[in-house]
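Student: Could you take me through one part of this model in detail, with the cut-offs spelled out as you use them? I would like a close look at one chain and at the side of it that meets its neighbour.

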Amino acid sequence: MKLNLPLVRLLVVKDWQLFQKQLATYVLAGIVALCFLGLAESWAFYVGSLMLLIVMVAAACFSISTSLVVERKEQTLSFVMSLPVSPLDFTISKLAGNLITFAVPFVILLGGTLATVLLTPLPDGLFVYALLIFAYILFAFAISLSVAMSVESEGWATFAMIGSMVLINPYIMALAQIPDIDQRTRVDAVVWTLPAVGILISLVVLSIAVLGATTWFHARKPAFN
Amino acid sequence: MSSELSHERVHYLDHLRALAMLAGVLFHAALAYSPLMSGYFPTADRQNSPWVDAVVWGSHLVRMPLFFLIAGFSAAWMLERRGAGGLFRQRMRRIALPLVVAWPLVHWALSASTVWAARSVENPSAVLALVRYLTELPDPPSAPITLAHLWFLYYLLLFTVLHWAFRTLGLARYGERAIRGAAAWVLLGLPLLVAPALATVSAPHPAPESPLPQFWAIAFYGAFFALGAFVHGAPDWLTRARALAPWLIVGCCALYAAFLWRLDAEPPGEAHPSASWTVALLEAFLSVWLTVLCLLAGQRLLQRPSATLQYLARSSYWVYLLHLPILFALQYALMDFELAWPLKFALAGAGTLALCLLSYHLLVARTPLRRFVG
Amino acid sequence: MSFAFSLNGVAKRYPHFELQDITLALPEGQVMGLVGVNGAGKTTLLRLITGIAAADAGEVRVLGHRLPAEQVAAKREIGFASEDMRLYRTQTLRWHMDLMQQIYPAWSEDYARELAKRFDLRTDQALGGCSHGQRVKALLLLCLARRPRLLLLDEPTTGLDPVARIEVLEALADVLRDAGRSVLFSSHNTHDVEQLADTITFLHKGRLVASADRNEFIDRWRRIVCQGALPSGLSAWPEIASARANGSLVEIKARAWNESLPARLAAEGLQVQRTDAMGLEDIFITAVRSGGAA
């Protein structure tokens, strides 16, 4: 089956238009959060980074919810399926739309955090730790998107979104139990240890694999159902 | 006038924007001779004059506000003509790309010339002396990352995004309602809105050079950007404002005298890390009223097509992008010369403009670069 | 003869439902009404013809395209609206029209405006604030203005108030004047089908009960009222769909009326009192209850 790129683009734009009021709110909240970081006060740094994290997670979850879960729930999915699109076009459009919506705040936040770690008096050892936290968020997003693309149940899709994001707490606690990771966060140097690299690579590879497998599974279907 | 403003190219705005950008070159050149900036500006000369302060801070209050007002008008104009997609593509090509390319080059050029000057100049400014001290430390700190004078591109992008977000959420309607009312409402209300922002920073207000957005700069410059966008939707507002112009002129004269007096009494520094409410209010009223007066004057005097002004309008963007590294290099080179400050100012200003215009003529005017920075 | 669609031995299995051995074709330019109770398999059949669902067995061809492999090409020429299809509540009809215009090259803005006027639809109103009838009409507008070669409508009049129903039927009647366009529409309302369709197909429990020209149905089916005692074995006659006695009166419904039938009934001791043509609803119910081919 051949990918119809102009139509994929149209579907992505359509999903963004449907999501744009929420997106505008997140963009405003994101700019306010960046302004807090720009105040260069420690309290503002915590408020700003927490706000950015909330904005990123909320934007990712609501993007998945609007483009996949709500479309199914409100029966607009059958309208989309009636358009001249193949399952491949549809899958790629959902993947691309959600990935971009997630990637824009993710990259800004990741870049901002890493730059803050390297360019401020914060210990540079936090560089690797920050990457490990972001890798988990990427992994949680990949799981949430894959489940939402694969199941018809709104409950399961919501459970996957909330569950994967909530599990960041035990993940952070688990990282604190690994001396090679925990102790390096207080050192003013970027040190790559075996457990840190192992976890980082595993999470990134798993995220790509989960998204790749979901895409492959849906894209090769001859029809929607 | 309504149809003219809405649908046709508004020449006087192009000309005003060009003049605002060129005024920026002269403003930065003049700061080297400002007593107020002698402790803070890298190219501060041994000689300075209070007359510089008397003039430059007036231009500082109007130059960038006027620029952002015109930017807001242009954004609304382009949105109407080319839609959100067209506006986005234009902003990417003419703002985001030049910012991404120019920023590292400007940062490198300014750092290199400053480090060179710190080592070589015999009569360094306070900032150069500090740089010399820091570079001689065994573990010298790296230069702070700032946007330098390119901060305006960063804020233009930010305002484009905010413009979209406000329109999408339907929040622009409050401003649209205000602009349809009596012109005095905006002329009195807008200064009161931006004064709190100016009260959070020192006076005269600094340039928001940090790569992270600043609340005060978004509120202050954003207000002018929004005013420009609203004026596009209600072009008769300028006609109504024109009736108040004589009052504004008288008001500006009185307020500027008061501003200079307060600036002398409350100079920026450790004793006054942020502007007092009085100074913030004076700055706010002066910015709004002077900007509107410039707009009215431009509408009356600059609407006719002029070959010189059009050339300046086309080249002003490139000139502004390029000017600061050249200006700093020239002023560092002039620091040890025993010349009167007006002569140094004229040499540095004219030299910078000449080099920038020459490079525009050779590199931009007839090349594909003009699509991006022409 | 070229066909708008043809199904050959098509089957589709779901956990609690099965569509079995469907062989059916619609010549181009004709209108077919698909009649069946809820759960008969009408929606599944339409989904197979749009390429949204893939058949487990058999072959589906639509406008010369093999489905589901060539579903994109086929869907470019199909207008499909179903009862369970919804438009985006937060968006206006104008937004939907703009989307369609970008997708379908044959989209006619003039026709869309004309339909909006005819259906009394405001294009700048968010669809969330519209009634069910307005939403159905909006969906129909989006299907019709793309000028499809094949129009597939699944229960288009279900849930509409009488006025909206008449408006939709009138619009459909206008569309049907276009000889080049083929239409398949499903309904459990036999009156709508009777008004519009050239060909009628009965579907029941996933099986094709009958498919024939409308007039042929009306000509073949008869309700015969006789005097006498109901003879045993009458129901086994292939032309008899049902027979029941009420006192000395016997009501017979014949699925294949012919001139010799009264004489054969007389030979069994039944005197034919009256012979009436049957309505489509009656034919459908009798055919479904009798279980045999109609």
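Tutor: In chain B, 14 residues are in contact with twelve residues of chain A, where contact requires that the C-beta atoms of two residues, placed from the backbone, lie within 7 Å. This is a predicted model, in which local features need pLDDT of at least 70 and side-chain atom pairs count only at pLDDT 80 or more, while totals for chains, interfaces and linings use all residues. Residues are numbered from 1 along each chain as its sequence is written, and chains are lettered from A and ligands numbered from 1 in the order in which they are written.

On the side of chain B that touches chain A, α5 (151–168) and α8 (215–233) of chain B each supply at least two residues; helices here are DSSP runs of H or I with at least four residues, strands are runs of E with at least two, and both are numbered from the N terminus. The most is given by α5(B), with six residues. By residue class, this side of chain B holds eleven nonpolar residues, three polar and no charged, with Ala, Val, Leu, Ile, Met, Phe, Trp, Tyr, Cys and Pro counted as nonpolar, Asp, Glu, Lys and Arg as charged, and the others, Gly among them, as polar.

Turning to the chain that carries this surface, the secondary structure of chain B comes to 14 helices and zero strands, and its pattern along the sequence is α-α-α-α-α-α-α-α-α-α-α-α-α-α. The radius of gyration of chain B is 21 Å, close to the 21 Å that the globule rule gives for 374 residues, so chain B is as compact as a globular protein of that length; the radius is taken over C-alpha atoms, and the rule is 2.2 Å times the number of residues to the power 0.38. Taken along the principal axes, the C-alpha atoms of chain B fill a box of roughly 60 × 50 × 40 Å.

Of the 374 residues in chain B, 44% are buried, a residue being buried if 20 or more other C-beta atoms lie within 10 Å of its own, exposed if 12 or fewer, and partly exposed in between, with C-beta atoms placed from the backbone. When the contacts in chain B between residues at least 6 apart in sequence are considered, 80% of them join residues at least 24 apart.
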